[in-house]
Amino acid sequence: MTTGAVTSAIAPEHAHLRLHHLYEINKLFARFEDIEQTLDPALRIATETLHLRSAVLTEADGVHARRIVWASDGQSTEQLQALKARVETAHKYLVGPASADARDLKERAGKTALPRPAHTDEALANRFIILPLVVSQRPPFGTLALEGARTLDKTDLLFVNAIVSQLAIALDRDRARQLDIVGRRRAEEALSRAEALGAAAERERAVAEELRKRSEILAIENAQLYQQAQLAIHMREQILAIVSHDLKNPLATILLTTDVLSRRGVPEERRRGLPLAVGRVRRAAERMLRLIDDLLDFASIETGRLAINREPQYPGPLVEETLTSFESTAQEHQVHLDGAIQAGLPRILCDRDRILQVFSNLLGNAIKVSPKGGHIKLLVEADSAETRFAVSDEGPGISPDDLQHLFERYWRSDDVVYKGTGLGLAIARGIVAAHGGRIWAESELGRGATFRFSVPNIEPGPSSGVPSP
Amino acid sequence: LIDGDEHAACVNAWLDRSAPGLSSEALLRLFEAALGALWIRTKSALGEVTLTVIAERVLHNASERFSVLWSLKVDPDTGIQCRELREWIGSVHPAELTEAIRFTLGELLRVLGHLTAEILTPELHLELSGIVQRQALRVGRTSPGGRYVPADLEGKVR
C-alpha cells in the first residue's frame, strides 16, 4: 500500500539554522511593539531561510483594514499586481468579502525592502503561501502572504506556518491592548462629562463609573492573559533555545565524524579509526536522546502527567543498583564511589525506576564535577517519618546565590564546570515532589556539595533517626 | 503547476473507482473516511486552528451549493463531523450525495493547494487515492485485488 507522505529531506545543519531563525523571530514577536519594530526585522530573518521575494500583510476587522506590502528591489509593478490579486482572492475567501471591501483599506509599503533575489522561478503558484491570521476560538482577522523566489517545499510551509501562528498571537494581543486603551479613554471621558454636569447628571455618572469599573476589570483580565501569554512564549523560547543550542554540538560531532568516514583515504587508516569514530557518533546520538527524554519528562511534569507507578521498596537495593550501574563511568573518570546504607531501613512507596532516575541524575552530575581521584559518597538513612538519600562530592562547590536557583527549570550557573540542559535537577525535583518528598542541596564554594532528597516511609522507621535540616 | 482541474480529476478518479453502486450510508462512510484522512495529513502541517478556518470556509461554500451538507460541523480536534447527517442519510439520494462529496473534496484540495504553494497536493492526492486500502488495514478484509471491501459494500466496489 502506498499512502505515505511525500516528505522533504533537509540537511541537519539547515534544520538547525531554521530553528535558530524561528527562535529569533519568536523573540521579536514576544515583545511585539509595532509592525516596523517586529515584523520588518522578522521578515529580514525569514528571508535568509525562504529567499523571500515579497510579503503582504492584510489585517481587517470588518470596518477598518490595512495592507502592508514588502517588495524586493527590482520587482516590477506588474509582478506586484499579480501577487496582490492573488492575495485579494485568498483573503476574501478566508476572512470574508466584507473585510477586504472595507472602504478605508489603507495600503502602504513596508519599511524594509527585501533583497533582490539572484534568481526567480517561473510559476508563482509554487512560490506563494498565504495563511490566515487566527487564534483559537476567534474568527480570522487577516492574512499573511509570503512569496519565495524559488519553489517552496514542505519544510518551508512548516516554517511559514510557525511564523504566521506566532504573528497572529502577537497581533491579537496588541489588538486587545488597543481596545483596552480605547475603552478606558471612553470611560474616563464619560466620567469627566458627568462630573461637569454636576448632580443633575448623577445617573449618568453612576453609569460612567460602572463603565470605568468594568474597564478596569477587563484591563486586569487582559493583563493576566497577557502575562500568561508572555509566560507561554517565554517557555517556548527556552525550549527552542535548548533544542537549537544543545542539539547542535552532538549533531556537529555526528556530521563531522560521518564526513571524515565518508572521505576517500588510506583504507587501513580508516579501518583502525572506525571503532573510535563509531563510538563518537554513538555517544553524540545518546546525548541527543537524553536531551529528548529530558524534554519529554519535563513536559510531563509541567502538565502534571508524569507517570509514577509506586510499589513498596527497600531503599538499600536502590543505592546498590545505582553504584553498580555507575561503576564503569566512575572508573573512566577516575573517581571513587562509596555507599553507606543505614541498617534496618523501612520500606518506602516509590516508583523504582523514577527514583533510580533521580539518583542517576545526581550521581552523574557529581562525577562530572569531581576531580580525578575524588570521592563520591551515596548515603541512605531514615528517621521515623521519611527516608533520605544523599549524594556528596568533592567538586568545586556551589555559591549561595546559585544554591537558590539550582532546581529551577532551564537554570544554568555562569560558572558551571560541565554543561547540562538545565532540566535535570528540575526533573529530579518533579519526580521527588510526585512522591510527596523534598529535594535540596547543601554546599560551600571549594568544599564540594551534597544533594539530598527524601521519600516518606510507609512503615515506621528507626526511632533514633537523623535530624531534619 | 497543479490547477483546479487536476484536483477535480483526482477526486473524480477516486469516486469513479470507489463510489458507483454504493448506498447513501456507505457513501457517507467513504466521505467521512476521506475527510478524516485529509484532515490528519493536513493538520500535521498547518495545525488545527488554521485548518479549522480553512475547512469552515470550504464547508460554507459547499453547503451553499449542496443543502444536504448544511449540518456538517468542524471540530478542531477531530475534523469535519457528519454526525447529524448520518441520522437522516437514508433520505438522501446517492447521486445527490456523490455530487456534494465531489464538490467538497475538490474544493478542499483546491483551496489547500492554492494557499500552500501546492506543497501538500501530492501527498493529499496520494492519501485520497489510498483511502480504501488503508481502511483494509484498520478494520476490514481485503478483496483479491488488494482493496478493502467493507461488509456492506461487498460486491459493489469495483
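Colleague: What does the secondary structure of chain B come to, and which elements of chain B touch chain A?

Modeller: This is a predicted model, in which local features need pLDDT of at least 70 and side-chain atom pairs count only at pLDDT 80 or more, while totals for chains, interfaces and linings use all residues. Residues are numbered from 1 along each chain as its sequence is written, chains are lettered from A and ligands numbered from 1 in the order in which they are written, and side-chain values use heavy atoms, with hydrogens and water left out.

Chain B has seven helices and two strands, where helices (H or I, at least four residues) and strands (E, at least two) are DSSP runs numbered from the N terminus. Along the sequence the order is α-α-α-β-β-α-α-α-α. Of its 158 residues, 53% are buried, that is, under 20% relative accessible area with a 1.4 Å probe and protein chains only; exposed is over 50%, and partly exposed lies in between. Among contacts (heavy atoms within 4.5 Å) in chain B between residues at least 6 apart in sequence, 66% join residues at least 24 apart.

Now the interface. Chain B and chain A each put 30 residues into the contact. Together they bury about 2500 Å², with 66% of it on carbon and sulfur atoms; buried area is the accessible area (1.4 Å probe) lost when two parts are put together, summed over both. On the chain B side, B:His114, B:Leu115 and B:Ile119 lose the most area to chain A, together 23% of what that side buries.

Eight residue pairs are in polar contact across the interface, with both residues at pLDDT 80 or more. A polar contact is a pair of N or O atoms within 3.5 Å; within protein, one must be able to donate a hydrogen and the other to accept it, and residues adjacent in sequence count only if both atoms are side-chain atoms. There is one salt bridge between the chains, a term for a side-chain nitrogen of Lys or Arg within 4 Å of a carboxyl oxygen of Asp or Glu. A:Lys154 and B:Glu123 meet in a salt bridge, at 3.0 Å from N to O.

The elements of chain B that give two or more residues to this side are helix 2 (24-46), helix 3 (48-65), helix 5 (94-115), helix 6 (121-129) and helix 7 (131-138). Helix 3 of chain B gives the most, with seven residues. By class, the side of chain B that touches chain A has 15 nonpolar, eight polar and seven charged residues.

Key: Ala, Val, Leu, Ile, Met, Phe, Trp, Tyr, Cys and Pro count as nonpolar, Asp, Glu, Lys and Arg as charged, and the others, Gly among them, as polar.
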